[in-house]
Amino acid sequence: MPSSKRPSNEKLSPSPRSKRRRSYLSDTYTDASSDFQEQSLNVFILDAKMKPETIEELSSLIDNFHHFDKHPFLKEKEGSTQRQLRICSSVKDADVVVTVVQMRKRLERHVDWSIARRKAIVTPSWLRDSVTSRQLLPCGKYAALGELYEQTVRNCPDADCSQKFPDAGSDSEFLQEVSESSDPKHPIKKDSKIRYNHRYACMRHSPLLCPNQGLVERLAILRRHRELEGLDMQALSYERAISVIKAFPHHIIADNIHEVSDLPHIGQKIRSKIQEFIQHGDISECKNVLSETRYRSSVDFTAIYGVGPVTARKLYSSGLRTINDLEKHYEVSPQTNDDIANNLSQGYRLVSSTTGLPQLSIKVGLALREELSLQIPRSEVEEIHDVVMNELAHIRSGCVSTITGGYRRGKAESNDIDIVVSHKDLKCGGDQVKGLCAKLVKRLYDQGLVTHVMHMSSFREHDTLRTTHWDSLEKALAVFILPSHGKEQKHVHRRLDLIFAAPEVYWTAVVGWTGSKMFERDLRLWAKQEKGMKFGSSGISRLHDSKLYFPKSEREVFELLDLEWIHPTLRNADL
Ligand code: 8GT
Ligand code: MN
């Protein structure tokens, strides 16, 4: 129901979250008392250079946009924020300005620069993509002018930007702060060894979105292409270059390209791609790659759980091109998808000999592909975590947990949920956790919360820990679904990773599962090459004598490796 129609006695009491969001609305609306005013967001369409049909399209998108804080499959909860977009006729009143203009001079013909700096100025794609995903997306990726990137990120009305940048302070203060770090909320101290041009990602600040996000996304297409083609070394080169650019705190333009050339892991080939991007706003090879059937098929195939690049190449070589082809190949008919998803179709049911629970085969992966490819909003990650921990409390009391992965790094939406679990009792907690993973998964399965298990193990990742009396990490990769409670709107299947760690390795597990991938890779490399240590999710040890360390906090993990602690939201060293 649009908030404008909500009767006054139904007014929601503002949650801390909605309060925070309010501060991003334009002055006209921040002090408004009615629910409608509080929840509206003003969009100004700058018609300069814009085709009449585009203006019409964008206006209609604004008129029909109803934003729910939660996933469309989920019921709107009491207290959740519902927002409406409104077209405004004066740029001064706008929270967001949508424009096709990309140059300062041209923009200044229509909007005063001092006003422009106080707005989020985006391309029409921001509106289109927000409508498609039914939520206000972060603006940085859609900044219309590179010069106003920082301001656009800061003034963006989406919730996550509020975590990224402080909402107070003048532009000049802001610009001073970002001179070293891309994220002014975590300025780099003078005596710090953190540097954006450091060789190791674990010595750089890598924000979720960087000033060169557009470039990074183009390079990521080439990285993915190399990976799908099995060119692993080339893929790694791109991955390293991407992670270095993620930490570079300035918008790359012709004037500072020499600085980029001096960064580590930027070779001649990648440098020429960057140059091309600066000159033409795109990389021609990306266009070619995106139009290749082979690339497109491989991207589609690898989106299915259980299909990696090698399988995708085999499938392609045997003549398969589309998901439809795959469905025929694996004999999955779209009509039976619901049954497969719910384990009702015996023909598709594959029970693991080790766990006795239904396994996620490629067939099931195909049936569930649409649901599993949907991004998970933070609120649902939290809800699933609560449900899982509630169930765990029935089996064992005193457990502790951290939601890790992309969620911990501040992502607005995740592909899966990663939870690291341990026990608060440092002395006997190990015994308390042992075997708990399998018990919990069985319980969740019996409750209908876990539908499939892809992998369940108790494993020794860390060789030198073999002296301990039990495997230090147990993990389950499963498919989870929140209960529907008979409501019409159904929840969707989600991927859930559960990692159980003995208390002495809880913090190494938390660090190891927080990511991002490149941050983790460099953490291990740094430990080995620079410090003579071995770091893994299941422990830290000294290489020459296998001495084990048991850090009691995350900061201690960093200290042991002679690293400065880096806030999780600055460990986004991948795309
Ligand atoms: P996403 O879930 O939104 O895609 O983003 P993410 O949370 O960063 O990705 P992820 O694939 O869920 O991985 C989370 C972290 O766990 C990453 O840092 C990854 O390196 C790490 N990780 C795995 N698998 C394993 C594993 O088997 N062992 C260890 N130690 N770490 C792993 O993904
Ligand atoms: Mn994850």
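Is Arg-109 buried or exposed? I looked this up to open the notebook, and Arg-109 turns out to be exposed, with a relative accessible area of 62%. A reminder to myself before going on: this is a predicted model.

**Entry 1: the positive patch**

I placed Arg-109 in the loop between α5 (104-108) and α6 (113-116). Arg-109 belongs to a positive surface patch, together with Lys-49, Lys-105 and Arg-106. I then checked Lys-49, which is exposed as well, at a relative accessible area of 63%. Lys-49 sits in the loop between β1 (40-45) and α4 (52-63). I also noted its backbone: Lys-49 is not a glycine, yet its phi is positive, about 65°.

**Entry 2: other backbone notes**

Which other residue did I find with a positive phi, though it is not glycine? That was Asp-562, whose phi is near 60°. I found Asp-562 in the segment after α28 (554-560). With 46% relative accessibility, Asp-562 counts as partly exposed.

Next I looked at the peptide bond between Gly-515 and Ser-516, and it is cis, with omega about -5°. Ser-516 lies in the loop between α26 (506-514) and α27 (517-531).

**Entry 3: the manganese ion**

What coordinates the manganese ion, ligand 2? I found Asp-416 and Asp-418, each through OD, at 2.0 to 2.1 Å. I checked the accessibility of both residues. Asp-416 counts as buried at 15%, and Asp-418 is buried with a relative accessible area of 8%. The cut-off I used for buried is under 20%.

**Entry 4: salt bridges**

How many salt bridges did I count? The total is 22. I followed three of them in detail.

I began with Glu-239 and Lys-517, whose side chains meet at 3.8 Å, N to O. Glu-239 is in helix α12 (residues 232-247) and Lys-517 is in helix α27, so this pair ties together parts that are 278 residues apart in sequence.

Then I took Arg-494 and Glu-380, which form a salt bridge at 2.7 Å, N to O. Arg-494 lies in strand β12 (residues 494-501) and Glu-380 in helix α22 (residues 378-395), so the pair ties together parts 114 residues apart in sequence. Arg-494 is buried, with a relative accessible area of 1%, and Glu-380 also counts as buried, at 1% relative accessibility.

My last pair was Arg-443 and Glu-391, with side chains that meet in a salt bridge at 2.7 Å, N to O. Here the link runs between distant parts of the chain, from Arg-443 in helix α25 (residues 436-446) to Glu-391 in helix α22, and the residues are 52 apart. I noted Arg-443 as partly exposed, with a relative accessible area of 24%, and Glu-391 as buried, with 12%.

Which residues are joined into one network by salt bridges that share partners? I listed Arg-223, Arg-224, Glu-227, Glu-239 and Lys-517. That brought me back to the Glu-239 and Lys-517 pair, whose N to O distance is 3.8 Å.

Conventions:
Residues numbered from 1 in each chain as written. Chains lettered and ligands numbered in written order. Predicted model: local features only at pLDDT ≥ 70, side-chain atom pairs only at ≥ 80, totals over all residues. Heavy atoms only, no water. Patch = residues over 30% accessible without salt bridge, like charges linked within 9 Å, V, L, I, M, F, W, Y side chains within 5 Å. Areas by Shrake-Rupley, 256 points an atom, 1.4 Å probe, with all protein chains shown as cover. Salt bridge = Lys/Arg side-chain N within 4 Å of Asp/Glu carboxyl O. Lys, Arg positive; Asp, Glu negative; His and termini not counted. Charge placed at Lys NZ, Arg CZ, Asp CG, Glu CD. Helix = DSSP H or I, 4+ residues; strand = E, 2+ residues; numbered from the N terminus. Buried < 20%, exposed > 50% of the residue type's maximum accessible area, 1.4 Å probe, protein only. Donors = N, O, S within 2.8 Å, 3.2 Å for Na, K, Ca; no water.
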